[in-house]
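Welcome, and thanks for taking a look at this protein chain with us. Please bring up the sequence and the 3D view, and we will walk through its cross-links and charged pairs together.

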Amino acid sequence: MMGPTTILSLLAVAMVAVDGRFYSKCDLASELVSQHGINRDDAPDWVCMAFAESSLNTAATNTNSGGSSDYGIFQINSYWNCDPQDGRKTKNGCGHPCSDYQNSNIGDDVTCVKQLLREHGGWGFSYGHGAQCSSVTSSYLSGCTY
């Protein structure tokens with residue numbers, strides 16, 4: 001038999017999943033350029049990074065070995081860049097609860113990543129970008145109109 005805490009936990013997970021979204025590479029590129037001010041020439045890096053980090057899933061989470069977690073399509077880190085609201089002290093560099101990065105509205109995610117790009121002078125903060133996207137070109141989005 002499930003207790004009230006278990007039921008509430010399941011409902012919270014379901015609510016996040018319902019509001020999440022899986023993008024296609026082309027749809028993400030189009031939204032980044034048309035709605036979030038990403039330069040067309042930079043779109044392949046953004047899309048590749050999101051694919052490497054979350055498989056283009058806005059509701060993605062990953063628990064890291066050090067105890068922090070990564071959230072959303074760009075896997076924004078709970079220790080450095082958001083507040084998991086679990087009582088642990090964090091840097092919360094982007095000034096948002098981590099749950100803000102797990103819904104289908106990626107505007108706040110993009111704002112956080114733009115800030116990280118400025119602070120780090122590029123994609124050095126993203127393990128996924130470093131591992132899979134450092135030599136990405138516009139051909140990554142061939143066939144897409146954005």
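## The disulfide of Cys26 and Cys144

The torsion about the S-S bond of Cys26 and Cys144 is about -70°, so this disulfide is left-handed. A disulfide here is a pair of cysteine sulfur atoms within 2.5 Å, and the sulfur atoms of Cys26 and Cys144 are 1.9 Å apart. Cys26 sits in helix H2, while Cys144 belongs to the segment after helix H5 (127-132), so the pair ties together parts that are 118 residues apart in sequence. Helices (H or I, at least four residues) and strands (E, at least two) are DSSP runs, numbered from the N terminus.

The two ends of this link can also be described by their accessibility. Buried means under 20% relative accessible area, exposed over 50%, and partly exposed in between, with a 1.4 Å probe and protein chains only. Cys26 is partly exposed at 28%, whereas Cys144 is buried at 11%.

## What the model is

Please keep in mind that this is a predicted model, in which local features need pLDDT of at least 70 and side-chain atom pairs count only at pLDDT 80 or more, while totals for chains, interfaces and linings use all residues. Residues are numbered from 1 along each chain as its sequence is written, and side-chain values use heavy atoms, with hydrogens and water left out.

How many disulfides does a search of the whole structure find? The search finds four. With bonded cysteines counted along the chain, the disulfides of the protein chain follow the pattern 1-8, 2-7, 3-5, 4-6. As a reminder, a disulfide is a covalent bond between the sulfur atoms of two cysteines.

Cys48 and Cys133 make up another of these pairs, with their sulfur atoms 2.0 Å apart. Their link is left-handed, with -85° about the S-S bond. Because Cys48 lies in helix H3 (residues 43-54) and Cys133 in the segment after H5, the pair ties together parts that are 85 residues apart in sequence. Is Cys48 buried or exposed? Cys48 counts as buried, at 4% relative accessibility, and Cys133 is buried as well, with a relative accessible area of 0%.

## The loop between E3 and H4

Next, we can turn to the loop between strand E3 (76-77) and helix H4 (107-120), where Gly95 lies. A disulfide joins Cys82 to Cys98, with an S to S distance of 2.1 Å. The link of Cys82 and Cys98 is right-handed, with 90° about the S-S bond. Cys82 and Cys98 each lie in the loop between E3 and H4, so the pair ties together parts that are 16 residues apart in sequence. Cys82 is buried at 0% relative accessibility, and Cys98 is buried at 2%.

Gly95 is exposed, with a relative accessible area of 54%. In sequence, Gly95 and Cys82 are 13 residues apart, and in space they are 6.1 Å apart, C-alpha to C-alpha.

## Salt bridges around Arg21

Now for the charged side chains. A search of the whole structure finds three salt bridges, a salt bridge being a side-chain nitrogen of Lys or Arg within 4 Å of a carboxyl oxygen of Asp or Glu. Which residue does the side chain of Asp27 meet in a salt bridge? The partner is Arg21, at 4.0 Å from N to O. Asp27 is partly exposed at 41% relative accessibility, and Arg21 is partly exposed at 31%.

The side chain of Arg21 also meets that of Glu31 in a salt bridge, at 3.7 Å from N to O. This pair links distant parts of the chain: Arg21 is in the loop between helix H1 (4-19) and helix H2 (25-36), and Glu31 is in helix H2, 10 residues apart. Glu31 counts as buried, at 11% relative accessibility.

Asp86 forms a salt bridge with Arg88, and their closest N and O atoms are 2.6 Å apart. Asp86 is partly exposed, with a relative accessible area of 42%, and Arg88 is partly exposed, with 40%.
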